[in-house]
Amino acid sequence: MLVSAKEMLTKAKAGHYAVGQFNINNLEWTKSILLTAQELNSPVILGVSEGAGKYMAGYKTVVGMVNGMLEELKITVPVALHLDHGTYEGCLKCIEAGFSSIMFDGSHYPIEENVAKTKELVAICQEKGMSLEAEVGSIGGEEDGVVGMGEVADPKECKAIADLGVTMLAAGIGNIHGKYPANWQGLSFETLDAIQQLTGDMPLVLHGGTGIPADMIKKAISLGVAKINVNTECQLAFADATRKYIEAGKDLEGKGFDPRKLLAPGAEAIKATVKEKMELFGSVGKA
């Protein structure tokens with residue numbers, strides 16, 4: 001049964017560890033992440049971008065697949081199904097489809113409009129027992145070869161959003177999606193500390209977990225980060241393992257490519273990546 005991320009993140013912040021959010025793109029990814037979480041007795045958040053939701057035939061399909069796996073694989077650890085960087089309209093669709101958690105990315109709106117839309121979603125999520133993530137200060141990333149360095153959030157704006165009753169807050173502290181460029185300046189821990197001072201016990205979220213050095217990850221956790229998102233690292237591991245399998249020509253005999261064999265190395269690579277991250281985040285044995 002899917003659960004809200006609220007309890008797992010409250011425990012994580014109090015226990016000074018972080019729960020991993022791993023984005024899913026297909027059945028193999030989802031199965032690998034769930035099996036690893038169960039093996040390590042770790043809570044986990046399955047992230048779904050709007051693009052991935054569309055690719056997987058819609059949010060209701062995703063909910064059906066995940067719920068089916070929870071039952072068939074006998075998954076007992078806490079699992080939240082979370083919309084990642086959702087639009088206002090996307091949030092409403094995921095609420096209707098049966099997600100247990102959503103992220104409303106209102107960071108591109110003026111702060112007044114971000115507040116107004118977030119308040120509406122807070123009321124809906126509280127009524128339905130769902131968790132809600134909000135964002136202040138946009139997270140950078142690479143698009144068409146141009147790398148944005150990511151904004152540093154205003155701690156006072158973070159408090160304004162946190163006070164609306166959201167479950168968790170993603171604040172830009174110089175982190176970006178995708179690969180980090182060679183000239184990346186690192187995380188602004190001064191900003192993170194100031195945000196935690198103003199938002200108290202609220203779990204903070206670190207996006208762009210791929211490529212951030214382990215010592216920075218641990219310091220971020222010590223300053224209130226209770227959820228860390230990982231996507232690119234899983235994508236790279238899956239693609240590399242699958243490519244090597246194809247290049248080796250291991251499934252060229254007989255009837256040709258069996259998709260189950262073709263995708264198996266990528267699925268194993270996902271498991272290894274998730275295990276490594278859960279161990280780094282300190283969530284192993286915390287379910």
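This is a predicted model: local features need pLDDT of at least 70, side-chain atom pairs count only at pLDDT 80 or more; totals for chains, interfaces and linings use all residues.
Reader: How many aromatic pairs does a search of the whole structure find?
Author: Let's start with the rings. A pair of aromatic rings is described by the distance of the centres and the angle of the planes. Searching the whole structure this way, the number of aromatic pairs comes to four.

Reader: Take Tyr59 and Phe99: what kind of pair do their rings make?
Author: Their ring centres are 5.6 Å apart, and the planes stand at 90 degrees. Planes over 60 degrees apart count as edge-to-face. So the name for the Tyr59 and Phe99 pair is edge-to-face.

Reader: How many residues apart are Tyr59 and Phe99?
Author: Tyr59 belongs to helix H4, residues 59–72. Phe99 is in the loop between helix H5 (88–97) and strand E4 (101–104).

Reader: Is Tyr59 buried or exposed?
Author: The cut-off for buried is under 20% relative accessible area. Tyr59 has 12% relative accessibility, so it counts as buried.

Reader: What kind of pair do the rings of Tyr88 and Phe104 make?
Author: Their centres lie 6.3 Å apart, with the planes at 80 degrees. Tyr88 sits in helix H5 and Phe104 in strand E4, so this pair ties together parts 16 residues apart in sequence. Both residues are buried. With that angle of 80 degrees, the pair is edge-to-face.

Reader: Which residue forms one aromatic cluster with Tyr88 and Phe104, and which Lys lies over its face?
Author: The cluster is made of Tyr88, Phe104 and Tyr109. Lys117 lies over the face of Tyr88, at 5.9 Å from the ring centre. Lys117 also lies over the face of Tyr109, at 4.9 Å from the ring centre. That gives you Tyr109 for the cluster and, over its face, Lys117.

Reader: On to the helices: is H4 parallel or oblique to H5?
Author: Two packed helices are described by the angle between their axes and the distance between the axes. H4 and H5 pack at an angle of about 40 degrees, and their axes are 9 Å apart. That angle makes H4, relative to H5, oblique.

Reader: Is the crossing of H4 and H5 left-handed or right-handed?
Author: For the contact itself, H4 brings Tyr59, Lys60 and Val63. H5 brings Gly90, Lys93, Cys94 and Ala97. As for the hand of the H4 and H5 crossing, it is right-handed.

Reader: Where is Ala57, and what is its phi near?
Author: Most residues other than glycine have a negative phi, and most peptide bonds are trans. Ala57 lies in the loop between helix H3 (50–55) and H4, and at 62% relative accessibility it counts as exposed. Its phi is positive, near 80 degrees.

Reader: What is phi of His85 near?
Author: His85 is in strand E3, residues 79–86. At 23% relative accessibility, His85 counts as partly exposed. His85 has a positive phi in a residue other than glycine, with a value near 50 degrees.

Reader: Last one: how far apart in space are Leu121 and Val77?
Author: Leu121 is in helix H6, residues 111–128, and it is buried, with a relative accessible area of 0%. Leaving out residues up to four places away in sequence, Leu121 touches several residues, including Tyr88, Ile102 and Phe104. Leu121 and Val77 are 44 residues apart in sequence, and from C-alpha to C-alpha the distance is 27 Å.

Methods:
Residues are numbered from 1 along each chain as its sequence is written. Side-chain values use heavy atoms; hydrogens and water are left out. Rings of Phe, Tyr and Trp (its six-membered ring) pair if their centres lie within 6.5 Å; planes under 30 degrees apart count as stacked, over 60 as edge-to-face and the rest as tilted. Helices (H or I, at least four residues) and strands (E, at least two) are DSSP runs, numbered from the N terminus. Buried means under 20% relative accessible area, exposed over 50%, partly exposed in between (1.4 Å probe, protein chains only). A charge sits over a ring if NZ of Lys or CZ of Arg is within 6 Å of the ring centre and within 35 degrees of the ring normal. Axes are lines fitted to C-alpha atoms, for helices over the stretch in contact, and angles run from 0 to 180 degrees between N-to-C directions. Angles under 35 degrees count as roughly parallel, over 145 as roughly antiparallel, 65 to 115 as roughly perpendicular and the rest as oblique. A crossing is left-handed if the near helix is turned anticlockwise from the far one by less than a right angle, and right-handed if clockwise. Contact means heavy atoms within 4.5 Å.
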